[in-house]
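Subject: Structure handover

Hello,

The structure is below, and my notes on it follow. Please read them with the structure open.

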Amino acid sequence: MLLSISSVTNNTAVSIAAAALFILNRRRNGGFYYRSMANIVCLAASASCGMVFAILLRMIGRPDLINWMSTRLYYYLFSFFTGLYIEVEGHDYLLNTGSKVIVCNHQSSLDMAFGGGVIPKATSVVAKKALKFYPILGWYLALSNAVFLDRGNRDNAIKAAKRAAQDIHKKKTSVWIFPEGTRSYGPEIKLLPFKKGAFYMAVQARVPIVPVVMENYNKFYDSKSRQFKSGIVHVKVLPPVPTTDIPEDSEAIDKLTNQIRNDMLKTLKELEGIQVDEEKPALHYDNKL
């Protein structure tokens with residue numbers, strides 16, 4: 001009997017050791033399909049845990065920690081199994097500014113993992129309405145009080161943005177949003193035109209806007225060429241932009257949108273070591289929310 005138990009224990013230990021060696025080897029040498037599958041599994045696991053976190057944290061009166069715990073778990077799992085990490089500059093700007101609207105450039109689905117490494121506590125996420133109907137992820141987003149924007153319906157998008165602006169004060173939360181609205185994927189160092197919903201939201205709530213710029217990580221991840229490598233992605237958080245003195249008229253919002261987009265594009269180029277042209281930039285914004 002004792003011999004049988006010892007044999008099972010030894011076999012289990014050997015299996016665990018073999019699995020650990022396989023994971024460590026795949027982290028360094030795994031290819032596109034391994035890392036892609038690892039990302040999906042990590043996202044599903046984190047979203048599933050997030051639903052549990054949402055229920056338990058609401059029971060103890062700490063719903064402000066739901067997104068922070070869930071996305072941070074996703075980042076740690078993702079970076080461990082893929083070997084792709086972030087290095088953050090200016091993180092204090094996210095921690096020391098109270099309620100805020102956080103705007104970040106959008107390249108691929110991996111932004112959710114990288115964002116998990118920097119997102120502050122008490123922050124809601126703005127997502128497109130279609131994600132609400134995704135199994136597991138949509139359920140988690142709904143439980144975490146995500147703000148769903150229907151970009152195909154301007155009136156509904158405006159109402160959702162106004163509710164989010166009210167919640168910023170009522171619930172003392174921040175909001176994370178990708179103002180490009182879709183992915184600016186590819187090797188070219190660029191930003192798509194910004195949609196103005198995030199900027200209306202910040203001006204209505206009278207809270208600062210904090211830009212977050214992720215370097216172009218096409219050299220690590222490129223779904224078209226089936227490339228997915230380990231490495232370090234640099235992220236830079238820019239100083240908060242106050243909105244207290246900005247009127248809510250369209251011209252002022254356009255100017256604010258363009259100013260922040262240009263600052264983020266300049267930073268994106270600097271992260272790539274590209275010399276920045278100091279000429280007056282053109283206007284780049286999208287009239288949709």
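In these notes a residue is buried when its relative accessible area is under 20%, exposed when it is over 50%, and partly exposed in between (1.4 Å probe, protein chains only). By that rule, 46% of the 289 residues of the protein chain count as buried. The model is a predicted one, in which local features need pLDDT of at least 70 and side-chain atom pairs count only at pLDDT 80 or more, while totals for chains, interfaces and linings use all residues. Residues are numbered from 1 along each chain as its sequence is written, and side-chain values use heavy atoms, with hydrogens and water left out.

Overall

The protein chain has 9 helices and 11 strands. Helices (H or I, at least four residues) and strands (E, at least two) are DSSP runs, numbered from the N terminus. A contact means heavy atoms within 4.5 Å. Among contacts in the protein chain with a separation of 6 or more, 76% are between residues 24 or more positions apart. The accessible surface of the protein chain is about 14,900 Å², and carbon and sulfur atoms hold 59% of that. Accessible areas come from the Shrake-Rupley method with a 1.4 Å probe, and for residues only the protein chains shown count as cover.

Helix H8

Among the buried ones are Phe199, Tyr200 and Met201. Alanine 202 also belongs to H8. It counts as buried because its relative accessibility is 0%. Setting aside neighbours within four places in sequence, alanine 202 is in contact with Val101, Val207, Ile209 and Thr243. Its C-alpha atom is 9.8 Å from that of serine 174, which is 28 residues away along the chain. After H8 comes arginine 206, with a positive phi near 60°.

Lysine 100

This residue sits in the loop between helix H4 (92-95) and strand E2 (101-104). What does lysine 100 lack, although it is buried? Lysine 100 has no salt bridge, and the nearest side chain of opposite charge, that of aspartate 92, is 11 Å away. For charge, Lys and Arg count as positive and Asp and Glu as negative, with His and the chain ends not counted. A salt bridge is a side-chain nitrogen of Lys or Arg within 4 Å of a carboxyl oxygen of Asp or Glu. A polar atom of the lysine 100 side chain does lie 2.6 Å from the backbone oxygen of glycine 98. Apart from neighbours within four places in sequence, the contacts of lysine 100 include Tyr93, Pro120, Thr173, Ser174 and Val207.

Salt bridges

The whole structure contains 5 salt bridges.

- Arginine 62 and aspartate 64 pair through their side chains at 2.9 Å, N to O. Arginine 62 counts as partly exposed because its relative accessible area is 37%, and aspartate 64 is partly exposed at 27%.
- Glutamate 89 pairs with lysine 236, with 4.0 Å between the closest N and O atoms. This pair links distant parts of the chain, since glutamate 89 is in strand E1 (residues 84-89) and lysine 236 is in strand E10 (residues 231-237), 147 residues apart. Glutamate 89 is partly exposed at 46%, as is lysine 236 at 22%.
- Glutamate 215 and lysine 219 meet at 2.8 Å, N to O. Glutamate 215 is buried, with a relative accessible area of 3%, whereas lysine 219 is partly exposed at 39%. Glu215 and Lys219 are linked with Glu272 in a network of salt bridges.

Val52, Ile55, Leu56, Met59 and Ile60 make up a nonpolar patch on the surface, with about 530 Å² of accessible area together. Patches are made of residues with over 30% relative accessible area and no salt bridge; like charges are joined within 9 Å, and nonpolar side chains (Val, Leu, Ile, Met, Phe, Trp, Tyr) within 5 Å. Valine 52 lies in helix H2 (residues 32-59), and its relative accessibility of 44% makes valine 52 partly exposed.

Serine 144 is in the loop between helix H6 (137-143) and strand E4 (147-149). Is serine 144 buried or exposed? Serine 144 counts as buried, because its relative accessibility is 6%. Not counting residues up to four places away in sequence, serine 144 touches Arg58, Ile66 and Asn67.

Regards

Definitions and conventions
A polar contact is a pair of N or O atoms within 3.5 Å; within protein, one must be able to donate a hydrogen and the other to accept it, and residues adjacent in sequence count only if both atoms are side-chain atoms.
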